[in-house]
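Open the structure in your viewer and keep the selection tool ready.

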Amino acid sequence: MKTPSMEKAASRKDIHDLPPNTSSSSASSSGLGQLARNLRDLPGNLRQAVLRHGFPDSPRTRSQAVFSSLFLHIHSVRTHRWTLKQTFTLGLGVATLALFAILIVTGIMLMVYYKPTEAEAYQSIKDIHYVVPGGRLLRNTHRWAANLMIVGVLLHMARVFFTHSYQKPREFNWIVGIVLLILTFALSFTGYCLPWDQLAYWAVVIGSNIAGSPRELFEALGWTQLAGIGDLQREILLGSHFVGNEAILRFYWLHCVALPFLMTAFIGVHFWRIRKDGGMSRPEDILPDELDGLPSDKVARTSFQDPGKTYTLVCAVSDGSPQVDKDEENTVQSWPHAFRAELSVAMIILALVLLLGIFLDAPLKVPADPMVPDNPAKAPWYFLGLQEVVSYSAFAGGIALPFFFMASLALIPFLDREKFPTGRWPRQKEAGIIGFSSLLAFLSVVAILAFRVKFGWLRDWNPGINQLWIILVNPGTMLVMFFGLYTLWVTWRTGSTRLGTTAFFCCFLVFFVVMTYFGTVHRGPNWGFYWWPSQWPG
Amino acid sequence: MKRVLLVSSVICLALLLYAPVETFMLQEYHTHQKKYKSVLSALAETDRERSEAARYPIQIRQLVIPELERVDRCISCHVALEDPRMKKAEQPLTTHPGNYLKDHDVQKIGCTVCHDGQGRALLSRDAHATDPAVHWDKPILASPFIQANCMRCHKIDELPGLEYVEKGSELFNSKGCMGCHRLEEKGGELAPELTNIADASPHLKRPVGLDSEKLQQVFNGNENLAYIFESVQRPNAQPKDTAMMDFKLSDDEALAITVFLKGLSKLDVPASYLAKRNAKRRRERLTGEKLFAKYCIACHGEGGKGGVKDLNYGKGTVPRLNTLAQKMFIEYPEDAEYVAGLLKDGVDLENMSPPLDIDARARVLAQFRAIMDVIKKGSVAAKADPEGPTPPLHMPRWQSAGLEDSDIHNILAYLLILYPWNEEQGEE
């Protein structure tokens, strides 16, 4: 390990040997002489201008680098050691960000070749796949990163929920997180439509029918004068009465311009809030041995009674000064410790995505054919749980249920104001509730699906039934009702809103996972039940 | 953590290095073109040939043919198809068999307009599009099915050697298929239209009764072909209650009709691509017998003997037509021949001068008018059981099904002389 230190020494020497600024040089007799000297000094001056604080190899220069760089200053100069605990964050947030970065880079490159018109979209994807150098890898990594990002966002949300990290003062950032979840779904869905093969086309058709589904509700209610709202929504989405050129351009615009812009803005807010809410969540009662094995340095154990940090701007308020750590600081330099951990996660993710991209091709079916419905016409996998409910009612599955779930999730920090140990995974009673709720939710979802497959549903028993009944009573709404009652029961029984929301959150996760699995594996042509896709007719 | 970072970074680097190597050096076409390059330098005799062989570039090769809306990259692997020295080489480096390329400029026509398959693909599996799990629309056509694609630019009778198309066309036009099926604005409307049947999506139309082995062996996994074959040979495979008759076709006959139907594809070939002889061809008029075979025979039976059952039809079977002379109150064979001759010659029976010389002229003419009317406007089949289902077969409206008055006259002329004068008169 001599080389790095030698390099360090060398680079430090470079910094110290920087030529002095030549402004006061009086020896120059002519302008040309000055120009010659400036040229000679150019490499050194350029380097100083870029690095500003010298080569970042000492704690001091590194701190300065983090502090003064636009990109690095998203981090605080020092990071709490709890934040570096791998079993706490699991690296999920960084992993998701890395996936987003991969998506931006590959997406921008794919835009060079992709042509958003009905006639050319499919053929341009074919050319990207076969002829564009590296195009196949670009498209595959883009596809894989998009799928993994959905998983990453959901897991990150679960991590934040289970470690009680949404609690005050982080309620707002939780809501921003829910917005990011919705944006991720929207980005992924709009991208799914762009290849304009059979998969894409029929996914757009399903999506646009969901947008038009208020018609279903208002017609069932008999309020026909309002039914146009659904048609209007559908038209706004498609830019036409039919899925065609306008729709493809709109999805392209959403996917490549509007949604990435929103996503980037909200990611910015998300990170900003992490800083402003006092860094990542952590317990107040950290025992010394809980931090064993984590990086440490000389100042990590220093306790600041009179905070060495100065808050030059926020201090100037009348009603008390902002809270700073009262305990021992327990922080380490962000550079290298936090950065290295984050870079490792990003690199692992990149390696995974590349591996998948090189060896597994993103699907591309036959070109879109408006005359021939893909059977089964399936939405992207993460919407198949909802599509199960959409198979009863587009309004219930496409609008009511997602709205209910997203609104309930967003309101969690406000419905539960209890103080549980922030930044710790659940223990004892809470873990028990998680286990029991997940099991109960699993059994109830499986039971209702099995009942549906075995005995059918309202429409099978009474073909002439008013659609309103089916909007109100279908496996999706029944489960939501059951989950709601169960949540209330847990809250009442335990006397704890946190345990109640925990029950609800587990139900949501299990509902999502089981329904998605069911829609992916067990639904075949005409949305019929099959044990395996290999049993599909034909 | 440092080690994790190092290992993951090395993996990323390795994968990023492998990707361009794979793209630029390890594709299927690289293997084939390298092989061809070595053959070229082995075959080279002069210095110039040797230096050309050495400079032979290994690259994606494609034929861009906007007129036919296609980009064919088949020649990236089938790189020697215009090199006569490669006749004995193995696929894909062999010369194009036959001398088709003499009349078919590859640069102008490309590959997939004759062979089907996915021209844009570079992997043989995707280019041939035979992977049954994908249900590609246009898998590559093997012999004899490839004869079908000749029909995109040629007419049947101008090309020798299209046995299957010829036989299929002959069967199609003599079994009365067009009594029920429509084809290019002609024919009945009782059954699915056959225009563009060759483009039927395998997602919508796929065989149900063929075992997968036959599908693979005979049809090379092409579901469209298998579907057409199945529908032709076993009409009741799907749907079960079809009104289509089972013509008891042999495998070979059904195969011929399949090839003929596979030629019904909606590709709009620009006029400059059509074989020149087409333009000069005159429309030949079919005789009454041929017309009857083409449009009527399936229901009204061979020689107009009738006999096809029509479910819940008042009279049980589709009416026989060889008693037309009797129905038109014509009493002697000579009269029948006289009227038939007039009809064939295109004479207007009602306004001719001198007027029709026949007994009971008014009755004959009135009946002639009534029969013309039924043929032109069609008729509804009366139900036997009023509560029962609508009989599946009924007379189509021939005036909108492609038969002109003169065609109908020819058919009537043919039917008039079919009357079995020597036998006892029929039951009707």
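Select Glu171(A). Is Glu171(A) buried or exposed? With a relative accessibility of 10%, Glu171(A) is buried (buried means under 20% relative accessible area, exposed over 50%, partly exposed in between, using a 1.4 Å probe and protein chains only).

A word on ground rules: this is a predicted model, where local features need pLDDT of at least 70, side-chain atom pairs count only at pLDDT 80 or more, and totals for chains, interfaces and linings use all residues. Residues are numbered from 1 along each chain as its sequence is written, chains are lettered from A and ligands numbered from 1 in the order written, and side-chain values use heavy atoms, without hydrogens and water.

Arg417(A) and Glu171(A) form a salt bridge, with their closest N and O atoms 2.9 Å apart (a side-chain nitrogen of Lys or Arg within 4 Å of a carboxyl oxygen of Asp or Glu). Arg417(A) sits in the loop between α15 (394-415) and α16 (428-455) of chain A, and Glu171(A) in helix α8 (residues 171-193), so the pair ties together parts 246 residues apart in sequence (helices are DSSP runs of H or I, at least four residues; strands are runs of E, at least two; both are numbered from the N terminus). Arg417(A) is partly exposed, at 47%.

Next, select Arg40(A) and Asp41(A). Their side chains meet in a salt bridge at 3.4 Å, N to O. Arg40(A) is exposed at 59%, whereas Asp41(A) is buried at 5%.

Move to chain B. Glu52(B) and Arg48(B) form a salt bridge at 3.6 Å, N to O. They are four residues apart in helix α3 (residues 47-55) of chain B, about one helical turn.

Last, select Asp127(A), Arg73(B) and Arg120(B). Salt bridges with shared partners join them into one network. Over all chains, the whole structure holds 25 salt bridges.
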